Number of protein chains: 2
Amino acid sequence: MTTIYDIARRAGVSATTVSKVLNGYPDVSQKTREKVQRITRELGYQPNAAARGLVTRRSMSIGVFFQDDARMGFRHPFLHDIVASFQDVVGESGYDLLFFSRTTPPSAPQGFEARARHRGVDGLFLLGIPRTSAGLPSLVRSRIPIVSVDLDLFGPRASWLSSDNVGGAKLAVEYLAAMGHTKIGFVGDRYGTKPGQDRALGYHMAMQELGLTFRSEWVAEGDFMEESGEEAMHRILEAREWPTAVFFASDMMAIGAMKALRQKGLEPGRDISLVGFDDVVIARLVTPALTTIRQNTRAMGEEAARELLDLMHNPNRPPRVITIPVELVSRDSVARIGG
Amino acid sequence: MTTIYDIARRAGVSATTVSKVLNGYPDVSQKTREKVQRITRELGYQPNAAARGLVTRRSMSIGVFFQDDARMGFRHPFLHDIVASFQDVVGESGYDLLFFSRTTPPSAPQGFEARARHRGVDGLFLLGIPRTSAGLPSLVRSRIPIVSVDLDLFGPRASWLSSDNVGGAKLAVEYLAAMGHTKIGFVGDRYGTKPGQDRALGYHMAMQELGLTFRSEWVAEGDFMEESGEEAMHRILEAREWPTAVFFASDMMAIGAMKALRQKGLEPGRDISLVGFDDVVIARLVTPALTTIRQNTRAMGEEAARELLDLMHNPNRPPRVITIPVELVSRDSVARIGG
DNA sequence: GGCGTGATCGAAAGCGTTTTCGGGACGACG
DNA sequence: CGTCGTCCCGAAAACGCTTTCGATCACGCC
């Protein structure tokens, strides 16, 4: 491994001077600067991040806790998109991403905070982490800059971000109403995730504002995944009177519901209309193509990145909560009825 | 930040002794060992990975170059699955994953090797990297342990791994033949990726072995993505005589082809049979559900991990090339014809 | 009592950087 | 000719840890 000393020797200067050149300090003459740069290139020198981090106390890396449980299932193509655009932004500032493994040897540090401190990451990005995770309280107390998605974290250095779930749900219901539907069901989540709660809230708000009658038989809960959507749909179909449309808190549940409908001899998008949430890739490929509320994953990742960079570079910056707009994408799973 | 010296002071021993306790050296008495451990816990001490790495010359992290171009498109849910199981295995040995950002500031080190050395990763995992990438040759020369997927890398410390693409393609063709098809087309890739070439090879081998006549009008090329499958199908339909079945080198191209067929008033899975490759999540959700060759992403990730760990821990271990078995999953997109 | 032995501990060097601070050289200025 | 300011440069300390190697001590044995 070639070090700063190798360069110093070859250039006939001290290691200090080499370091100064490498870090762009002004107090080096043009001549020696060029000489050092030349030799650095010739030797193919690479600074040692560990050594540098040791003294600067910054690792130029951002820790990522990414939980893509079976339970979160199909949400993760999603989370991956978010991470990708997040990384593109922080990458431009020289950061790489350290993904903490879910599995660890027993001897290793455990818990969010311990692991983050162990690796000396400069900030943390959290995705798919359940609100109930142990270690979250001590994490926010740690004063490590954090941005989380879909997790309402409150701390002096913790911002969080999510789609406009309330607004998106309202959008869905309003759209259904505009298409002539008045009997509108809802399938939410049973785990009380923040997005799930907000989508339920939006549904109820819109129903009320539109003066539509709410019937508890038309409401069921799932876990965001396909099978649970299927079950939920079956349950709703047990009601004596059926809704003409159902809004699902995730695309995958809506897709599962299609299966349930067909089992009963009903045609989704004609006999019963469906609206999903997320706009996963599959949404436009199923039959009928699913009308849904699109989350802007790119904007989410980029905003998250900018927020975290800001938090990291600016010690007294107070945290924020950021909401990303959603949009309705209209496809074939909603029928116009009545008028 | 609490250091080893803080512990030493509190315990009335030297830092050396603390370090020994923390690293399980035998030459510490039971009594002081317990005392040090107690204080370590009380202080919530976390070893500093950078400092440790500096002296041990190991970072306990594995670098990942993950390229999920637009071009690779839908392959990436895939690659993500592979990475996830990879991480589960290496995590158990205490490794975390360092994802190199695609974007970098101009001042930062550039290229695979430079960046890997800069971060001091103990090994490298490569996914989705094109064979033609600059910097690959110098990377393999660097003697950093590497495992890559679907990229035929040859070097003293570079193993690579992929699905049994030749075998899988043969499987597909043989299955179609068993279903009575004799006129079988193929859509490969135009970029000469290793898996694309191998699937083409398997197709041709099987056709020959089965004595089926090969017609160049029945063969087209795409880029693994949906649109290109659609175009390729259209091109094949320009032939005077049509094939009764087409094997696609990716699921997404097969799904695109379904669209093309319907545009011509043909029903996929009845008028023309389709077989894909990959078994992406969507495959079973489209109509008709797609018959395909499933890649075992879990096995791929786990095998890759074991291989890399072995390479890292064992300096003279020669590299290997690993092939992961695939299986045919039969759904609704292939019709039985004839007999 | 001398000596070897095994158990336990610590001093010190070293890993590759950054950063502070002081010093030398040199020109300008009174 | 003394003094002061600028411009360059390097010595040294520090970051937090590991690891070698020698020192010390108690003990048992001849």
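Me: In β9(B), which residue is the bridge partner of Phe247(B)?
Reply: This is a predicted model. Strand β8(B) is joined to strand β9 (residues 273-278) of chain B by three bridges, and the two strands run parallel. Within β9(B), the bridge partner of Phe247(B) is Val275(B).

Me: In β8(B), which residue is the bridge partner of Val187(B)?
Reply: Strand β6 (residues 184-189) of chain B runs parallel to β8(B), and four bridges join them. In β8(B), Val187(B) is paired with Phe248(B).

Me: Are the residues on the two faces of strand β8 of chain B buried or exposed?
Reply: On one side of the strand, residues 245-248, lie Ala245(B) and Phe247(B); on the other lie Val246(B) and Phe248(B). Both faces are covered, and the four residues named are all buried.

Me: Which elements give two or more residues to the nonpolar patch?
Reply: The patch on the surface is formed by Leu54(A), Val55(A), Leu54(B) and Val55(B), with about 360 Å² of accessible area together. Val55(B), for instance, is exposed, because its relative accessible area of 62% is over 50%. The contributing elements are α4 (49-56) of chain A together with α4 (49-56) of chain B.

Me: How many residues apart in sequence are the parts that Arg215(A) and Glu241(A) tie together?
Reply: The side chains of Arg215(A) and Glu241(A) meet in a salt bridge, 2.8 Å from N to O. Arg215(A) lies in the loop between α9 (194-209) and β7 (219-222) of chain A, and Glu241(A) in the loop between α10 (226-236) and β8 (245-248) of chain A, so the parts tied together are 26 residues apart.

Me: Are Arg317(A) and Glu307(A) buried or exposed?
Reply: These residues form a salt bridge whose closest N and O atoms are 2.8 Å apart. Arg317(A) lies in the loop between α12 (297-313) and β11 (321-324) of chain A, while Glu307(A) lies in helix α12 of chain A. Both Arg317(A) and Glu307(A) are buried.

Me: In which helix do Asp6(B) and Arg9(B) lie?
Reply: The side chains of Asp6(B) and Arg9(B) meet in a salt bridge of 3.3 Å, N to O. The two residues are three residues apart, about one turn of the helix, and both lie in α1 (residues 4-11) of chain B.

Definitions and conventions:
Residues are numbered from 1 along each chain as its sequence is written. Chains are lettered from A and ligands numbered from 1 in the order in which they are written. This is a predicted model: local features need pLDDT of at least 70, side-chain atom pairs count only at pLDDT 80 or more; totals for chains, interfaces and linings use all residues. Side-chain values use heavy atoms; hydrogens and water are left out. Buried means under 20% relative accessible area, exposed over 50%, partly exposed in between (1.4 Å probe, protein chains only). Two strands pair if DSSP finds at least two bridges between them. Patches are made of residues with over 30% relative accessible area and no salt bridge: like charges are joined within 9 Å, nonpolar side chains (Val, Leu, Ile, Met, Phe, Trp, Tyr) within 5 Å. Accessible areas come from the Shrake-Rupley method with a 1.4 Å probe; for residues, only the protein chains shown count as cover. A salt bridge is a side-chain nitrogen of Lys or Arg within 4 Å of a carboxyl oxygen of Asp or Glu.
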